[in-house]
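Hi,

Here is the structure we talked about, ready for you to open.

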Amino acid sequence: MRNTTTILLVTLLLTSLLASLPTNQLNNTEDAMEASGRSGADVDIISILSPDETECTMVGCRNELLVGDATTFEVVMKNIGDGDIEDMGYSVDIYLTDSNGNRGMMAKDAAGNDLTWTNDVAVCDDASSCDETSFTAGSLYANGAVTLSTGGGEITWTPAVGEYLVVVSVDSDQDSDPSNDEEEVYVIVRDWTDVEVDLCWTDQDGECLDADK
């Protein structure tokens, strides 16, 4: 009889405690438990190695690009998830920007075409047409830093003067976390600076002498 009474009291106590908990707290606990059990592939764009990001201080800027100098795009990507990726594409888009890094309209080339490139076969199951047939969990894409390409050739940009945001993004239905699927760098492109030096012999008044005399 005593054991039955004790069990009844414990049951009533637990019921009272559960009734006092807010519903949203129970839901949050359930959500957290579900999230902790999720798994899958997850592509992370670790870094854009080329072009280098332009950095400016009071004394000037470094890592600027020069007009007319063709540049390629070198990137490090890693599958930080615990599942393999068998289908993935990536893109490179270039936007106009300002010194604060605000993304403006898409930049265009000299012919008026948007500066955007896409590779839909970065990873797929056809070895004859795809760059890679798998992107395994814990590995670097293409085993390290890779120069991005499309249609079998390297993506190349010949820039005009301006300020730009170079944006690299990946796209895969197998990616469980899209929050790290995009990376950008700020780039300034300037014109060439020519330095011209003139030399001459001068007379006692500091005037240049005529070289023919």
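Below is what I found, going from the whole chain down to single residues.

One thing before you start clicking around: this is a predicted model.

**The whole chain**

The protein has 213 residues, and 31% of them are buried. Its secondary structure comes to two helices and 14 strands. If you take the contacts between residues at least 6 apart in sequence, 70% of them join residues at least 24 apart. The protein exposes about 14,000 Å², with carbon and sulfur atoms supplying 49% of that area.

**Salt bridges**

How many salt bridges does the structure hold? There are four, and I'll walk you through some of them.

Start with arginine 103, which pairs with glutamate 182, with 3.1 Å between the closest N and O atoms. That pair links distant parts of the chain: arginine 103 sits in the loop between strand S7 (88–96) and S8, while glutamate 182 is in strand S14, 79 residues apart. Arginine 103 also forms a salt bridge with glutamate 184, and here the closest N and O atoms are 2.8 Å apart.

Another salt bridge runs from glutamate 64 to arginine 190, with the closest N and O atoms 3.1 Å apart. This one also ties together distant parts of the chain, 126 residues apart: glutamate 64 is in the loop between strand S3 (60–62) and S4, and arginine 190 is in strand S14 (residues 182–190). Glutamate 64 is partly exposed at 28% relative accessible area, and arginine 190 is partly exposed at 33%.

**Around valine 67**

Arginine 190 turns up again among the residues that valine 67 touches. Valine 67 is in the loop between strand S4 (65–66) and strand S5 (71–72). Beyond four places away in sequence, valine 67 touches Pro159, Ala160, Val161, Val189, Arg190, Asp191 and Trp192. Take tryptophan 192: it is 125 residues away from valine 67 along the chain, yet their C-alpha atoms are separated by 6.9 Å. Valine 67 has a relative accessible area of 23%, so it counts as partly exposed.

**Around asparagine 79**

Is asparagine 79 buried or exposed? Its relative accessibility is 0%, so it counts as buried, the cut-off being under 20%. Asparagine 79 lies in strand S6 (residues 74–79). Leaving aside neighbours within four places in sequence, its contacts include Ala41, Asp42 and Val43, as well as Phe135, Thr136 and Ala137. Valine 43 is 36 residues away in sequence, but the two C-alpha atoms are 4.4 Å apart in space.

**A negative patch on the surface**

Asp84, another of the contacts of asparagine 79, also belongs to a patch of negative charge on the surface. The patch gathers Asp84, Glu86, Asp87, Asp120, Asp125, Asp126, Asp171 and Asp173. One of these, aspartate 120, is found in strand S8 (residues 116–123). Aspartate 120 counts as exposed because its relative accessibility is 60%.

**Backbone spots to check**

Most residues other than glycine have a negative phi, and most peptide bonds are trans. That makes a few places here worth a look.

- The peptide bond from serine 50 to proline 51 is cis, with omega near 5°. Proline 51 lies in the loop between strand S1 (43–50) and strand S2 (55–57).
- Alanine 142 has a positive phi, near 55°. Alanine 142 is in the loop between S8 and strand S9 (146–147), and counts as partly exposed at 30% relative accessibility.
- Asparagine 143 has a positive phi too, near 70°. Asparagine 143 lies in the loop between S8 and S9, and is exposed, with a relative accessible area of 76%.

Cheers

Technical notes
Residues numbered from 1 in each chain as written. Predicted model: local features only at pLDDT ≥ 70, side-chain atom pairs only at ≥ 80, totals over all residues. Heavy atoms only, no water. Patch = residues over 30% accessible without salt bridge, like charges linked within 9 Å, V, L, I, M, F, W, Y side chains within 5 Å. Areas by Shrake-Rupley, 256 points an atom, 1.4 Å probe, with all protein chains shown as cover. Salt bridge = Lys/Arg side-chain N within 4 Å of Asp/Glu carboxyl O. Lys, Arg positive; Asp, Glu negative; His and termini not counted. Charge placed at Lys NZ, Arg CZ, Asp CG, Glu CD. Helix = DSSP H or I, 4+ residues; strand = E, 2+ residues; numbered from the N terminus. Buried < 20%, exposed > 50% of the residue type's maximum accessible area, 1.4 Å probe, protein only. Contact = heavy atoms within 4.5 Å.
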